[in-house]
Every structure is written in C-alpha cells, then in structure tokens.
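Dear colleague,

I am passing on the structure below, and I would be grateful if you would look through it with the notes that follow beside you. The notes go element by element, and each can be checked against the coordinates.

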Amino acid sequence: MAIWCDTIWLIMANKFYYIGTRSTDLATSFDANRSDPFFAGSITLYGDNRHGNIAYNVSSGIQLSTALHLRERNSAILKMFIKNHVTDIVAHDPSARFLPYDVGYAEKVPAKFKKRIVCCNEPALMTYLNSKFNFKKLIEGKLPQAAHIYMTGADVLAKLESGEFPNTKEVVIQTEYGSAGEGTYFATKSAMSIKKYCKSCMSKIKAHEMYVVSDFVPTHCSVSCHIQISANEVAVYPPGIQLMRGPKFIGSDLFAFSQLPVEIQEDCRATAVRFGEILREYDPKARGYFGLDLIVAKSDNKVYAIETNARFTGTTGLMNILSHKAGIGSVFEHTYEAFYAKSTNLTEKFRRITPSGRKRYAEVSRDEDGSLHFEDGKSNREGLDKTAYQEDDIYTYSIFEEIKGYNVYDDRIALKKITSRVKVKK
C-alpha cells in the first residue's frame with residue numbers, strides 16, 4: 001500500500017496547512033488563543049477565523065446540521081468549501097502542503113492537489129480500520145477482547161423481544177460503523193429497565209443490517225490511548241480516562257489515568273504498543289497517529305481492546321497543548337516525523353509530557369457581563385467546536401481545563417471514585 005505523497009518532492013516542502021474539524025486542535029495554550037506554529041494556516045469546519053484559520057461556521061454564518069439524513073448534503077457543502085480555499089491557498093503559496101484530520105478530509109481535497117497531501121495512509125487501510133467488524137478480526141487471538149458474534153438485526157430484535165437480551169445475556173450491540181456512541185446500544189438489565197431507552201434501542205435496529213453483539217463487560221472505566229507508529233517504534237502518549245455519558249464520549253482526563261494502579265497503567269500502554277505492532281504487521285507502511293479505546297474489567301482488572309480511531313481525535317487538541325508545554329513540539333510534528341523519518345525516538349520524548357490536563361465538552365451560555373456559564377447536564381456529540389454559532393444565546397465550546405496541583409486530586413467526585421475503587425488483585 002502506498003502513502004499518498006512523493007517523499008522526495010516533500011523534502012522541499014516548508015509550508016503546511018491543516019484541514020480538519022476544530023481549530024482548537026491547533027491550540028498551544030489553554031486559552032486557545034494561538035495557532036500551532038507548525039502550520040502556516042488551516043481550514044476547519046468549526047472554530048474562528050484568527051491566526052490563519054478559515055472556519056466554515058464563521059465564514060458561512062451557517063451551522064451544519066448533525067441530523068443523519070443530512071450527512072451527504074453536509075459532506076458536499078464542506079467539500080466545496082475546502083476545494084475553494086485549498087485552490088486559493090495554492091494560488092498564493094505554490095509550496096503549500098496539506099495535512100488532513102483523517103482520510104475523509106483528504107478525499108475532499110481536489111484531485112489535482114493530491115500530491116500535496118502529507119501524513120495520510122492509503123484510504124483502503126483507513127476504511128478497513130473504521131469497521132468495528134474488521135478491527136475485531138484484526139486483533140483476534142492477539143489482544144484480549146470481549147466474546148462476540150455477528151447477527152442480523154432481525155435476530156437481535158427477536159432476542160430482545162423474547163427477553164434473552166438482556167435477561168439471560170447482557171450484551172452490547174453495535175453497527176459496523178459509528179463514532180462517539182452512534183450505533184452502539186446496551187442490552188443490560190439496567191439500561192433496558194428504562195422504557196424510553198428500550199423503545200429507542202429497538203426502533204433503531206434494522207432487521208436486514210448486520211450487527212456485532214459482544215458480551216457486556218462491567219468496567220471500572222474506559223481508557224483512550226493515542227499512539228504514533230513510525231518505522232522503528234510504536235510510541236504511546238499519556239493515556240486518559242474517557243468521560244462518558246452512556247455510550248457517548250464527552251471528554252478525556254489524562255490526570256485521572258495517572259492515578260490508576262501502576263499495573264493497570266502498564267497493561268494499557270502495553271496493549272496500545274501491541275496494537276500498533278499488529279497494525280504494522282497487517283500493513284508495513286502504516287504510519288502516524290491512531291487512537292485505541294480500551295476498558296478495564298471490574299472482575300479482574302483485565303484490559304480489553306474495544307476499537308480504534310484511524311484519525312486524530314477529540315483529545316488531540318489537549319495532547320497538543322501538553323506536548324508543547326513539555327517542550328517537544330506538536331502532535332502534528334510528531335506525526336510528520338513518524339511518517340517520513342527513517343528512525344524516531346518519540347517514546348523517550350513522550351515521557352516528558354506531564355499528564356496534567358482534561359478536555360471536556362459542554363454547552364455554555366453567556367451572562368450579561370459576557371462571562372461563560374457552564375451547564376453540566378448538556379454535552380455536544382463529538383465535541384464539535386461551535387464557538388461562532390449562536391442560537392438563543394447558547395454556545396457550544398471546547399473547554400480546556402488544567403489541573404493546578406499534579407499530586408492532589410481535584411473535586412471531580414465521580415472520577416475520584418473510579419481511581420479509588422480500582423484495586424489490583426495479587
């Protein structure tokens with residue numbers, strides 16, 4: 001499989017432009033006021049038009065709908081937006097190169113500019129990994145994962161109606177594709193006891209679609225790991241405990257992970273390294289940034305692999321900030337090095353990152369004096385940064401928080417309970 005670039009031609013490159021979802025992914029300070037110096041500019045879906053960034057939501061004054069039936073329309077609108085601005089950038093900067101958030105954004109770059117794309121694996125590999133079915137097949141017998149079977153929606157519905165799910169077997173039901181909890185349904189006694197959830201779950205399962213049905217594993221917590229795969233190593237950034245609302249990801253806390261028992265921390269990192277090795281065995285040219293979701297089982301603290309994110313993620317912005325604070329450059333510089341350097345020493349560099357931050361997503365409103373008021377009960381799917389979009393004085397922000405005392409836990413009671421109750425069995 002070939003990487004989408006001519007590396008000899010790339011040696012001459014000196015100006016990079018980011019194409020992605022959030023301008024905050026490029027932040028190098030917690031107030032998100034500066035853009036990543038690795039880039040000469042950027043094009044994003046959400047954010048603002050400062051520091052060389054061009055944001056769709058600001059430029060158009062329109063917020064794309066998150067409704068699923070409008071997904072194709074949204075994609076076409078964004079493709080035209082990216083096409084116009086990439087064309088304009090090249091016209092003014094003949095040396096411009098483009099680093100995409102994921103293969104989806106790369107495919108929105110006009111065909112005549114494909115050779116200008118950097119740090120992008122072959123699309124076939126990314127498509128393969130986006131499938132939950134393929135991920136489970138890839139790690140079969142190589143990494144621990146929950147027992148699972150593949151079923152038609154009709155069979156799933158029959159078992160729900162008969163009560164086999166969840167009365168005799170508690171399971172997690174998943175579509176082949178989906179992110180941020182989309183397409184994931186829990187058939188557990190606690191979930192299905194809520195009539196509203198039960199009706200919603202059954203109404204969304206399609207009889208002729210295939211699903212993977214996995215044993216429900218009670219967990220202490222969910223963990224997100226992020227890695228860089230280079231020619232000679234699989235380097236792991238400081239992992240984080242995922243902040244979840246049901247199946248939906250609403251943020252990541254790196255500091256909380258650092259308070260888990262050392263044995264669990266080491267197991268999570270070892271699992272992430274092994275996954276990177278498995279992926280490189282599958283495709284020797286696989287490179288760059290990948291996310292890996294894990295869970296820590298309550299029964300025996302065993303670490304199970306859940307899925308991979310073949311792209312930058314919602315935590316990339318926070319990781320980028322902490323990387324800069326450690327004096328080792330940006331996540332995007334690491335990605336470029338992982339793709340094109342003959343040898344890297346990223347594992348050693350990442351040890352210098354202090355796991356001191358949390359990134360979460362919340363809806364906030366502005367008080368009369370302009371200050372922000374947080375509403376803890378609300379979250380935004382995928383944490384999209386909609387800072388320039390206003391509706392009834394409600395804004396959605398990507399919120400960055402830094403823990404001031406590295407050795408003293410703050411007042412996040414729920415996460416404090418997580419780290420206090422996880423005991424390592426001798």
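Helix 13 and helix 14 are roughly perpendicular to each other, since they pack at an angle of about 90 degrees, and the cut-off for that description runs from 65 to 115 degrees. Please bear in mind throughout that this is a predicted model. The axes of these two helices, which span residues 316-325 and 331-340, are 8 Å apart. On the side of helix 13 the contact is made by T316, M319, N320, S323 and H324, and on the side of helix 14 by V331, F332, E333 and H334. Sorted by class, the residues of this contact divide into three nonpolar, five polar and one charged.

Helix 13 itself is mostly covered, with eight of its 10 residues buried, namely T316, G317, L318, M319, N320, I321, L322 and S323. After helix 13 comes G327, which has a positive phi near 80 degrees.

Within helix 14 you will find A338, which counts as buried at 0% relative accessibility. The C-alpha atom of A338 is separated by 5.5 Å from that of G288, although the two residues are 50 residues apart along the chain. If neighbours within four places in sequence are left aside, A338 is in contact with Q228, I229, S230, A231, R287, G288, T344 and L346.

A second pair of helices may interest you for its composition. Helix 6 (residues 132-139) and helix 12 (residues 262-282) pack at an angle of about 100 degrees, with their axes 10 Å apart, and they are therefore also described as roughly perpendicular to each other. Here F135, L138 and I139 of helix 6 meet F275, I278, L279 and Y282 of helix 12, and by class this contact has seven nonpolar, no polar and no charged residues.

Helix 6 also holds K132, and this lysine is buried, with a relative accessible area of 5%. Which residues does K132 contact, once its neighbours within four places in sequence are left aside? They are Q174, T175, E176, Y177, G178, T184 and E307.

As general background, nonpolar side chains tend to be buried together in soluble globular proteins.

On the cysteines, a search of the whole structure finds zero disulfides. C120 is in no disulfide, the nearest cysteine sulfur being that of C119, at 8.8 Å, and C120 is buried, with a relative accessible area of 4%. C198 is likewise in no disulfide, and its nearest cysteine sulfur, that of C201, is 6.9 Å away. The cut-off that matters here is 2.5 Å between the sulfur atoms.

A cis peptide bond joins F165 and P166, with omega at about 10 degrees, and P166 lies in helix 8 (residues 164-168). H51, although it is not a glycine, has a positive phi of about 55 degrees; H51 sits in the loop between strand 2 (41-46) and strand 3 (53-55) and is partly exposed, with a relative accessible area of 44%. N301 is not a glycine either, and has a positive phi of about 65 degrees.

With best wishes

Note on methods: Residues numbered from 1 in each chain as written. Predicted model: local features only at pLDDT ≥ 70, side-chain atom pairs only at ≥ 80, totals over all residues. Heavy atoms only, no water. Buried < 20%, exposed > 50% of the residue type's maximum accessible area, 1.4 Å probe, protein only. Axes fitted to C-alpha atoms, helices over the stretch in contact; angles between N-to-C directions. Helix = DSSP H or I, 4+ residues; strand = E, 2+ residues; numbered from the N terminus. Parallel < 35°, antiparallel > 145°, perpendicular 65-115°, else oblique. Contact = heavy atoms within 4.5 Å. Nonpolar A, V, L, I, M, F, W, Y, C, P; charged D, E, K, R; others polar.
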